[in-house]
Amino acid sequence: MEIKVSPSLLSCDYLHLANEVERAFTCGADMLHFDVMDGVFVNNISFGIPILQAVKKVSKLPLDVHLMICRPRDYIERFVQSGADIITFHLETGCNIEETIALIKNCGAKAGIAIKPHTPAKDVQKYIGLVDMILVMTVEPGFGGQAFMPQCLDKIRQLRSMADSMGVPPDIQVDGGINAETAKLTVDAGANVIVSGSYLFSADDMADKIAMIKALQG
């Protein structure tokens, strides 16, 4: 299984955003993770559409947009028009899941579902065949720099087993507290898309860190 790396711009140097986007590309990243927070669904506020549009102008990588917002359906078309290549929204928003997935795909982007650490894998099961990616949060969403929650590993294993038994191949993405050690644990459990923020953007040699993660084999 090919391991892909998505550096999280939440941890980059905002004063030099264009340089950080280029740095991720030259260091071997496969996509860029773009966290959108509204201060309601999670207790923080981050990027919005104007910043996504700016990143799109300079990025050579697909933009992996993670919506941590209420009412994601209200914004999907605008996010796709502004440059999102993948849109992941949270199961816990209570929106109509099938309609939201269909809207993302009809707008021309790939669709993903995200779940918080305490949401069980079984809640996602009936949607596995509809999405391109499932994002397992390995910290509580809202802030970078949190410690990895090892209890999420069983959930990754369950989701990979469900997908394999159904004969469908969604990516399983992990986000939260990812470093060399925890990336290995998640890949062993069945994840293949690794989001990492401070571990990559604070590294003296980001290329080396990305290469180490991509060399992992589950």
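**Exercise 1.** Which residues form one aromatic cluster?

*Solution.* The model is predicted: local features need pLDDT of at least 70, side-chain atom pairs count only at pLDDT 80 or more, and totals for chains, interfaces and linings use all residues. Residues are numbered from 1 along each chain as its sequence is written, and side-chain values use heavy atoms, without hydrogens and water.

Step 1. Apply the rule. Rings of Phe, Tyr and Trp (its six-membered ring) pair if their centres lie within 6.5 Å; planes under 30 degrees apart are stacked, over 60 edge-to-face, the rest tilted.

Step 2. Find the pairs. There are two aromatic pairs in the structure. Tyrosine 14 and phenylalanine 47 have ring centres 5.6 Å apart and planes at 80°, so this pair is edge-to-face. Phenylalanine 34 and phenylalanine 47 make a tilted pair, with 4.9 Å centre to centre and 35° between the planes.

Step 3. Join them. Tyr14, Phe34 and Phe47 form one aromatic cluster.

**Exercise 2.** Which residue lies over the face of phenylalanine 41?

*Solution.* Step 1. The test: NZ of Lys or CZ of Arg is within 6 Å of the ring centre and within 35 degrees of the ring normal.

Step 1. The residue is lysine 116, at 4.5 Å from the ring centre of phenylalanine 41.
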